[in-house]
Amino acid sequence: MFHLATDRGAEFLEPVGLAQQLEGAGIGVGRAGTRRVVVTGMGIVSPVGIGVSASWANILAARSGIATITRFDASAFPSRIAGEVKDFDVSQYLSGKDARRYDTFVHYGQVATMEAVRDAGLEGYGGDHERIGVCIGSG
């Protein structure tokens, strides 16, 4: 399922028949004069890797991000495996003050956003910020 956000509102779309659903939502697929949604940058912080290139390489190599839990003592729980983000060093991205201010899940979102902005070439963007959207997946 995809989440689509445009200046006309937001809705969820099924992957089957996506082109027809986009056209029904007023988003053109290949016709001149219609509105379009364009993905210009991506950023990933996930159990399979940090960054789009590392994550994609691990996915293609069938490397799982699931392993024994290391962040806390899981001995009291029936499951002792999880998808934890490995080798994440927040100090590479945020100052110590900012890192202490936010929880780890916020660090992940901030770093993924930094990567997406860099990937899109929007660092220092001075245009209309109301024409930029973000899609975040978590869970």
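Which residues does Phe88 touch, not counting residues up to four places away in sequence? Phe88 touches Val45, Ile50, Tyr93, His107, Tyr108 and Val111, where contact means heavy atoms within 4.5 Å. The points below set this residue in its surroundings.

1. Basis of the note. This is a predicted model, in which local features need pLDDT of at least 70 and side-chain atom pairs count only at pLDDT 80 or more, while totals for chains, interfaces and linings use all residues. Residues are numbered from 1 along each chain as its sequence is written, and side-chain values use heavy atoms, with hydrogens and water left out.

2. Overall layout. The chain has 4 helices and 6 strands; helices (H or I, at least four residues) and strands (E, at least two) are DSSP runs, numbered from the N terminus. Read from the N terminus on, the order of elements is β-β-α-β-β-α-β-β-α-α. Of the contacts between residues at least 6 apart in sequence, 27% join residues at least 24 apart.

3. Of the 139 residues in the chain, 19% are buried. Here buried means under 20% relative accessible area, exposed means over 50%, and partly exposed lies in between (1.4 Å probe, protein chains only).

4. The nonpolar core. In soluble globular proteins, nonpolar side chains tend to be buried together. A nonpolar core is a set of buried Ala, Val, Leu, Ile, Met, Phe, Trp, Tyr and Cys residues joined through side-chain atoms within 4.5 Å. The largest such core in this model has 9 residues: Val45, Val85, Phe88, Val90, Leu94, Ala99, Tyr108, Val111 and Ala112. Helix H4 (residues 104–120) supplies the largest share of this core, 3 residues.

5. Helix H4. This helix has 17 residues and reaches 24 Å from its first C-alpha to its last, close to the 24 Å expected at 1.5 Å a residue; the expected span is 1.5 Å times one less than the number of residues. Which residues of H4 are buried? They are His107, Tyr108, Val111, Ala112, Glu115 and Ala116. These residues lie on the same side of H4 because they cover an arc of only 165 degrees around the axis, the arc being that of the directions from the helix axis to the C-beta atoms. Their cover includes strand S3 (45–46), strand S4 (49–50), helix H2 (52–60) and helix H3 (96–101). After H4 comes Gly121, whose phi is positive, near 75 degrees.

6. His107. This residue is in helix H4 and is buried, with a relative accessible area of 7%. Apart from neighbours within four places in sequence, His107 is in contact with Phe88, Val90, Leu94, Asp98, Ala99 and Tyr102.

7. Aromatic pairs. Rings of Phe, Tyr and Trp (its six-membered ring) pair if their centres lie within 6.5 Å; planes under 30 degrees apart count as stacked, over 60 as edge-to-face and the rest as tilted. By this rule there are 3 aromatic pairs. The rings of Phe72 and Phe77 have centres 6.1 Å apart and planes at 85 degrees, so this pair is edge-to-face. Phe88 and Tyr93 form a stacked pair, with 5.9 Å centre to centre and 15 degrees between the planes. Phe88 counts as buried at 17% relative accessibility, whereas Tyr93 counts as partly exposed at 26%. Phe88, Tyr93 and Tyr108 form one aromatic cluster.

8. Positive phi angles. Most residues other than glycine have a negative phi, and most peptide bonds are trans. Ala62 is not a glycine, yet its phi is positive, about 60 degrees. Ala62 is found in the loop between H2 and S5 and counts as exposed at 68% relative accessibility. Asp87, also not a glycine, has a positive phi of about 55 degrees. Asp87 is placed in the loop between strand S6 (81–83) and H3 and is exposed, with a relative accessible area of 78%.

9. Thr68. This residue is found in strand S5 (residues 66–68) and counts as exposed at 54% relative accessibility. Thr68 and Ala82 are 14 residues apart in sequence and 6.4 Å apart in space, C-alpha to C-alpha. Not counting residues up to four places away in sequence, Thr68 touches Arg80, Ile81, Glu84 and Lys86.
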